[in-house]
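User: Please examine the structure below and answer some questions about it.
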Amino acid sequence: MEAIRSMLSELDEPEIVRITLPHDEARNRYRLRSIKVSGYEEFRGITADYVQYHHTMCIAPGGRLTRDEAEARAEDVLNRELRREGGDATSAYRACLEGRDGGLKRVLDLICDSFKAQAVDYHTRGVFRRYIPKHDWGRRKEIVSQFISYCRVPLPGIDASDPGRYAGDHLEELIQAFLNGIRQVSGVFRKL
């Protein structure tokens with residue numbers, strides 16, 4: 001029982017805030033002169049500069065990306081994050097050109113939120129790796145069962161009546177459900 005308490009403690013809201021706060025603070029410190037850009041080169045330059053800044057401040061303190069890496073990461077994030085809305089990096093650029101939908105501020109917020117979600121994802125996966133033993137099926141099943149029983153976050157799509165299923169090949173489903181549940185209930189992922 002002590003293991004599940006420790007595991008849940010490492011996955012609760014205060015711990016998630018501890019992980020995400022540096023990302024929010026970094027985003028807050030990065031100032032923009034305008035939400036509009038004058039052209040594509042400026043858009044690429046600002047988004048790459050922000051990715052470089054955020055990477056150095058939060059992901060790999062003191063680390064550097066090449067300009068090409070920073071530009072590629074910005075484009076990848078925007079394509080992935082905006083796909084749900086039927087957009088991509090090109091539509092983000094057009095919004096910044098016109099100053100529409102929050103323009104550049106929204107674009108940088110999307111990049112920050114993506115990095116923040118990634119940090120929570122890595123942390124969560126690390127916690128699951130530490131607490132759920134790979135080669136002890138009985139203990140693995142016990143921890144997964146306790147996690148499902150005591151988790152205070154909704155676990156969409158998880159069948160609580162069959163916890164053993166998630167101790168095996170379907171552990172990724174449980175992790176994904178937990179991450180989705182965090183996004184639903186955690187204040188750190190709410191948009192203002």
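The questions and answers below go from the whole protein to one residue.

Analyst: This is a predicted model, in which local features need pLDDT of at least 70, side-chain atom pairs count only at pLDDT 80 or more, and totals for chains, interfaces and linings use all residues. Residues are numbered from 1 along each chain as its sequence is written, and side-chain values use heavy atoms, with hydrogens and water left out.

User: How many helices does the protein have?
Analyst: Helices (H or I, at least four residues) and strands (E, at least two) are DSSP runs, numbered from the N terminus. Along the sequence the pattern reads α-α-α-α-α-α-α-α-α. With zero strands, the count of helices is nine.

User: What share of the residues of the protein counts as buried?
Analyst: Buried means under 20% relative accessible area, exposed over 50%, and partly exposed in between (1.4 Å probe, protein chains only). Of the 192 residues, the buried share is 46%.

User: Is Gly-181 buried or exposed?
Analyst: Gly-181 lies in helix 9, which covers residues 171-185. Because its relative accessible area is 0%, Gly-181 is buried.

User: Which residues does Gly-181 touch, not counting residues up to four places away in sequence?
Analyst: Contact means heavy atoms within 4.5 Å. Pro-156 is 25 residues from Gly-181 in sequence, and their C-alpha atoms are 6.7 Å apart in space. With residues up to four places away in sequence not counted, Gly-181 touches Val-153, Pro-154 and Pro-156.
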